[in-house]
Amino acid sequence: MATFDLLGQKWNMRILWQLSKNPMSFRQLQQACGQVAPSMLNTRIKQLKEAQLVLTTDAGYELTQIAQELVKALDPLRDWSQQWAELLQIEPAKGTD
């Protein structure tokens, strides 16, 4: 449950997803996350660092090895989500013509 609590907090999954592509500076990460306030991003990064999922390097923020494994473990969920999104777009809602 601790994992779901951490990942369920707003912006945490988005931060992990963005950093799974490559390391980013604070400014790059903020731009990639869209509407996140700097104070919120700073709080979430600190939280993810304490959970040992994000670290700071010369290249900026990046995922730790365990976070990379987490992202890889979530791949089946991403695949399922894509299939679900396609299903929702193709089939009309019940009760509509």
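Colleague: Is Gln28 buried, exposed or partly exposed?

Modeller: Gln28 is partly exposed, since its relative accessible area is 42%, where buried means under 20%, exposed over 50% and partly exposed in between, with a 1.4 Å probe and protein chains only. This is a predicted model, in which local features need pLDDT of at least 70 and side-chain atom pairs pLDDT 80 or more, while totals for chains, interfaces and linings use all residues. Residues are numbered from 1 along each chain as its sequence is written, and side-chain values use heavy atoms, without hydrogens or water.

Colleague: Where does Gln28 sit?

Modeller: Gln28 belongs to helix α3, residues 26-32, helices being DSSP runs of H or I with at least four residues, and strands runs of E with at least two, numbered from the N terminus.

Colleague: Switching to α5, which of its residues are buried?

Modeller: In helix α5 (residues 65-73) they are Ala67, Leu70 and Val71. They lie on the same side of α5, because they cover an arc of only 95° around the axis, taken from the directions from the helix axis to the C-beta atoms.

Colleague: And what does the face turned away carry?

Modeller: That face of α5 carries the exposed residues Gln65, Lys72 and Ala73.

Colleague: How many aromatic pairs are there?

Modeller: The count is 1 aromatic pair, taking rings of Phe, Tyr and Trp (its six-membered ring) with centres within 6.5 Å; planes under 30 degrees apart count as stacked, over 60 as edge-to-face and the rest as tilted. Trp80 and Trp84 are stacked, because their ring centres are 5.3 Å apart and their planes are at 20°.
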